[in-house]
Amino acid sequence: LFKKLNYDLKKDFSPVALIAKVPNVLVVNPKLPVNNVKELVEYVKKNKDKATYASSGIGSSQFLCGEQLNQDADTQILHVPFKGSAPGLTAVMAGDVLMEFDNMPSAWPFISSGKLKALAVTSKEKSAVAPQLPTMIESGFKDFDISSWFGVLAPAGMPKEDVELLNKAILKVVAKPEVQKQLADQGAIPQNMTPEQFGSFINDEVDRWGALITKLGVSAN
């Protein structure tokens, strides 16, 4: 995505701990005559002139979700970038843009108030905030598992024993009931990975999204 970076995500850090994943939720205007993802895909294929999705810009998780849906559903939903996810949600509520994938904490107040209609979450796990919502996988997209994620990295070359000590200390905090509740209340899914597992996860994410970004030919520079 960035043609010029002064670091290499795979080589210049020591993965320590993955703390949480935050899935996106697919939202549309409540007046849109669809009630699930299958109906949404059918709608955009019949109404190509109205097929648009909002995001906070190229490379954002909203953008990647939208383009992954285009790939999986064989659609051409037009990307409409905004300066942040909030203006995008406003555009969806106003009916100016058809849909948006957004982080659950940002979208949930509008979903609960009825200003947005939620169709699915993008993680493979159900959301604790809205367990009634199906996942994209349950909606017929078997490999659609996308979340923003938050973790701790240290400089490359940190001694293994120090990395493991930090990992155990961080995960001990994440495992506390009050922390788990606080994360869940924000739509986040707590994680528990070893440094090695976190490293593999990062490499998989880089390879996965690198392939899609290369295919799309987009750049943030």
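Guide: Buried means under 20% relative accessible area. This model is predicted.

Visitor: Is phenylalanine 201 buried or exposed?

Guide: Phenylalanine 201 has a relative accessibility of 13%, so the residue counts as buried.

Visitor: How is a pair of aromatic rings described?

Guide: Two values are used, namely the distance of the centres and the angle of the planes. In this structure there are 5 aromatic pairs. One of them joins phenylalanine 141 and phenylalanine 144, with 6.5 Å centre to centre and 70 degrees between the planes, an edge-to-face arrangement.

Visitor: What is the relative accessibility of phenylalanine 141, and what is the relative accessible area of phenylalanine 144?

Guide: Phenylalanine 141 is at 11% and counts as buried. Phenylalanine 144 is at 0% and is buried. In the pair of tryptophan 149 and phenylalanine 201, the ring centres are 5.2 Å apart and the planes stand at 75 degrees, so this pair is edge-to-face.

Visitor: Which parts of the chain does that pair link?

Guide: Distant ones: tryptophan 149 lies in strand β6 (residues 147–155) and phenylalanine 201 in helix α7 (residues 195–216), 52 residues apart. Tryptophan 149 is partly exposed, at 26%, whereas phenylalanine 201 is buried.

Visitor: Which residues form an aromatic cluster?

Guide: Phe101, Phe141 and Phe144 form one.

Visitor: Where is serine 85 found, and with which side chain does its side chain make a polar contact?

Guide: Serine 85 is in helix α3 (residues 85–94). Its side chain makes a polar contact with that of aspartate 102, at 3.5 Å. At 17% relative accessibility, serine 85 counts as buried. Setting aside neighbours within four places in sequence, the contacts of serine 85 include Ser56, Gln62 and Glu100.

Methods
Residues are numbered from 1 along each chain as its sequence is written. This is a predicted model: local features need pLDDT of at least 70, side-chain atom pairs count only at pLDDT 80 or more; totals for chains, interfaces and linings use all residues. Side-chain values use heavy atoms; hydrogens and water are left out. Rings of Phe, Tyr and Trp (its six-membered ring) pair if their centres lie within 6.5 Å; planes under 30 degrees apart count as stacked, over 60 as edge-to-face and the rest as tilted. Buried means under 20% relative accessible area, exposed over 50%, partly exposed in between (1.4 Å probe, protein chains only). Helices (H or I, at least four residues) and strands (E, at least two) are DSSP runs, numbered from the N terminus. A polar contact is a pair of N or O atoms within 3.5 Å; within protein, one must be able to donate a hydrogen and the other to accept it, and residues adjacent in sequence count only if both atoms are side-chain atoms. Contact means heavy atoms within 4.5 Å.
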